[in-house]
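Subject: Structure handover

Hello,

Here is the structure for your files.

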Amino acid sequence: MGKPTGFLEYERRNGQITAPADRILNFREFHGTLSWEEQRLQGARCMDCGVPFCQAGVTIGGMVSGCPLHNLVPEINDMVYRGNWEQAYIRLSRTHCLPEFTSRVCPALCESACTCGLHADPVTTRENERAVIEYAFAHGLVDARPPKVRTGKRVAVVGSGPAGLAAAIQLNRRGHSVTIYERSDRPGGLLRYGIPNMKLEKDIVDRRVRLMEESGIRFVCNTDIGKDVSGRELLKQYDRVLLACGAGTPRDIAVPGRDALGIWFAVDFLTMVTRRLLDSNFSGTPDELVRGRRVLVIGGGDTGNDCVGTVIRLGASSVTQLEMMPKAPERRALNNPWPEWPRVLKTDYGQEEAASVFGCDPRIYQTTVTGFKKDQKGNVCGAGLVTLMPEKDKTTGRVNMVPVEGSEKEIPADLVLIAAGFLGSEPYVAEAFDLTLDGRMNVATQADGYRTGNDRVFAAGDMRRGQSLVVWAIAEGREAAREVDESLMGYSNPV
């Protein structure tokens with residue numbers, strides 16, 4: 001422990017956040033950083049607990065508590081406090097190969113499990129992590145370091161999202177020749193196109209991709225495995241194949257009027273906006289997609305929030321966001337004690353911006369869509385809504401959200417974005433390798449492992465576990481790489 005009384009002496013401080021009225025004028029990141037000295041004092045608040053739940057990554061009460069990567073949080077925070085940034089980076093690198101991403105977009109499972117958070121504010125572990133990795137980049141500590149010896153083994157990684165990138169880094173370090181296949185025009189997967197630029201600037205993605213290329217990893221874009229290249233062809237060229245294609249099948253809404261023009265799946269819309277921004281080098285924004293329109297966002301998760309923030313930047317005249325579930329409490333309930341993940345109300349940046357622009361939170365709880373209205377040209381112009389209420393099924397004991405009779409109403413809507421989650425991986429990739437999907441449309445793997453029904457094919461990330469967090473995808477990619485390496489070399493290695 002750097003300073004035993006640090007959590008008593010120093011209050012939690014975060015980097016300055018740009019005010020909503022200013023940040024909606026562009027698509028730049030809006031979370032500022034503290035000075036190196038100020039960040040050191042935040043490291044001093046870490047108590048070096050006897051049982052550091054922050055790094056546990058265990059399931060408590062049905063939800064994960066602490067970091068799935070098992071980052072050595074107290075040790076890293078101690079080094080931050082001491083100003084030993086290089087050693088902090090080395091220690092962080094033992095468990096994490098992509099901290100520049102999680103330190104920006106992770107919901108900080110570590111902080112929710114922080115002992116300081118039991119009675120006060122938790123340690124700023126995520127911002128400490130960001131300070132460590134940005135110090136490392138700024139001082140030349142993060143370099144390509146291609147392996148000195150190659151094994152002669154070739155591995156294809158399908159998908160360049162966080163799971164694919166993490167796996168490729170680990171496999172390359174072991175000396176295998178790695179090629180990443182990406183169906184989009186640029187690498188990064190959801191880091192590139194699923195997460196808006198104001199949450200994760202794409203220069204950060206490009207920086208990591210350049211390092212990976214310098215280390216010997218090859219990227220092949222605009223190539224859709226299962227369509228452009230068959231599974232059989234890929235297996236002829238490579239010793240092993242790792243599938244990290246994500247959970248790309250969006251959950252649709254089967255209601256009358258669904259065929260109206262102007263109804264988008266959320267990720268398709270976010271992808272189009274980001275591609276337009278990148279193609280123009282941010283010289284212009286695709287305002288014509290949204291300007292003056294009344295936007296309805298269906299879904300209350302991170303993707304729904306990202307849609308809210310995006311359409312506000314593109315000039316929406318109003319934004320409404322639907323959530324099926326009841327509004328969460330503002331404080332932990334008695335049946336949700338620490339160190340469980342706190343099931344409390346979260347107001348994210350998009351909702352903050354909507355409140356700033358339109359004067360109220362855009363969310364309507366316990367509500368869903370019953371249908372869409374079309375104008376004479378077939379464009380969506382409105383949506384029917386109904387209120388829901390929780391009702392316990394007497395047979396199964398499950399609580400279902402059921403419509404309330406007489407609560408129907410209509411609202412105007414010129415643009416609808418469906419952010420209702422994902423059903424699992426897209427079947428054609430699994431079919432290309434004759435793989436089995438489980439009941440949740442994920443690629444089936446061996447129990448507690450990443451090997452599929454084909455001994456030369458592995459799966460990781462959302463494609464294996466279903467829609468989840470970036471930190472989970474990275475953890476899956478690293479562990480899958482370990483299993484692939486062992487299958488190639490015949491023995492395990494701690495890398």
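Which residues in α13 meet which residues in α14? Ala266, Val267, Phe269, Leu270 and Val273 in α13 meet Thr303, Asp306, Cys307, Thr310 and Val311 in α14. Contact here means heavy atoms within 4.5 Å.

First, the ground rules. This is a predicted model: local features need pLDDT of at least 70, side-chain atom pairs count only at pLDDT 80 or more, and totals for chains, interfaces and linings use all residues. Residues are numbered from 1 along each chain as its sequence is written, and side-chain values use heavy atoms, without hydrogens and water.

Helix packing

Helices are DSSP runs (H or I, at least four residues), numbered from the N terminus. α13 spans residues 266-279 and α14 residues 302-313. They pack at about 40°, with axes 10 Å apart. Axes are lines fitted to C-alpha atoms over the stretch in contact, and angles run from 0 to 180 degrees between N-to-C directions. By class, their contact has seven nonpolar, two polar and one charged residues. Nonpolar covers Ala, Val, Leu, Ile, Met, Phe, Trp, Tyr, Cys and Pro; charged covers Asp, Glu, Lys and Arg; the others, Gly among them, are polar.

α8 (residues 125-138) and α11 pack at about 55°, with axes 13 Å apart. Ile133, Glu134 and Phe137 in α8 meet Arg207, Arg208 and Leu211 in α11. That contact divides into three nonpolar, no polar and three charged residues.

Cavities

A cavity is a set of points on a 1 Å grid over the protein atoms alone, where a 1.4 Å probe fits but cannot get out; lining residues have an atom within 4 Å of a point. Points are joined across faces, edges and corners, and a volume is the space filled by probe spheres set on them. There are five cavities of 30 Å³ or more.

The largest cavity has a volume of about 130 Å³. Of its 15 lining residues, Cys67, Asn71, Cys106, Cys110 and Glu129 lie nearest its centre. α8 gives the most to this lining, with three residues.

Pocket

A pocket is an open set with protein on both sides within 12 Å along at least five of seven lines. The second largest pocket has a volume of about 680 Å³. Of its 28 lining residues, Tyr89, Ser93, Arg145, Ile169 and Arg173 are the closest to its centre.

Best wishes

How values were computed
Helices (H or I, at least four residues) and strands (E, at least two) are DSSP runs, numbered from the N terminus.
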